[in-house]
Amino acid sequence: MAKIEQFNKVVIVGESGVGKTCILSQFIENKFDEKEVSSLTTQYRRKQIELVTGQNVIFDIYDTAGQEKFRSIAKLYYKSARVVILVYDITNKGSFEEMKNYWYEQVKDIQTENLILAIAANKSDLYEERQVENNDGEEFAEKINAIFVETSAKNDSGIDKLFENIGYKILDPHYNFRAEEEERRKKYMKQKKRLEEQEREEVNAKTNIAKVEKKQNEEKKPNIEKTESFRVTTKTFKEPKKQSKSGCC
């Protein structure tokens, strides 16, 4: 039986309206509600996931209220956290700045052993309204040694990836998220290149087949020009008329 890592307290923090509750609802219940209201209290949910390694991880997740008047309450939760997920909205530059200058400052001095930090750049489905570039989030995540994933609670994009990477980090504190991402990127590019080569080979093969078929069809057709020329130059042979002999007067 696979070992189960228990008592992994995960606290989700960030400004009000960035989608913390929607991320949690999508992860736990696979649902998204556009009318979901911002949390006014802290919500608690639990979920167990199985990683591709066959290992299981249980998350005890606390979704904290982001409004300023509730910030002092949030501190009570993340002081004993194993994982803190910092969330910002990619369409709201202010939420990104608050994530860096307030929420991270609140958790960076937590003395919990092997505290894991993760950043969820949420609402990636609204890329046309983006105010925070992906590189800005990645650079800050690298600076604070945090896992970084762009997520969309609406499209269920990146959320499983976020928690899976957290799970790997829980099981192996030396897990290198960026190295794994780079390795996956290299594999993807290699596979993409191979598929492109296969497509080119298929196109070339079809082109060659078409050329051969065209040539064969041309060889089967009669030479119309020669035939017409023959008809024009060939004359019907007629026997000359014999003159009748007439007598002399």
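Rings of Phe, Tyr and Trp (its six-membered ring) pair if their centres lie within 6.5 Å, with planes under 30 degrees apart called stacked, over 60 edge-to-face and the rest tilted. Before you click: this is a predicted model, where local features need pLDDT of at least 70, side-chain atom pairs count only at pLDDT 80 or more, and totals for chains, interfaces and linings use all residues. Residues are numbered from 1 along each chain as its sequence is written, and side-chain values use heavy atoms, leaving out hydrogens and water.

Searching the whole structure turns up eight aromatic pairs.

Helices here are DSSP runs of H or I, at least four residues, and strands are runs of E, at least two, numbered from the N terminus.

Now show I119. What does I119 touch, not counting residues up to four places away in sequence? Its contacts (heavy atoms within 4.5 Å) include F140, L86, I147 and V149.

Move on to strand β6 (residues 147-150): I147 and V149 on one side, F148 and E150 on the other, are all buried.

Last stop: colour F27, F59 and F163, which form one aromatic cluster.

Conventions: Buried means under 20% relative accessible area, exposed over 50%, partly exposed in between (1.4 Å probe, protein chains only).
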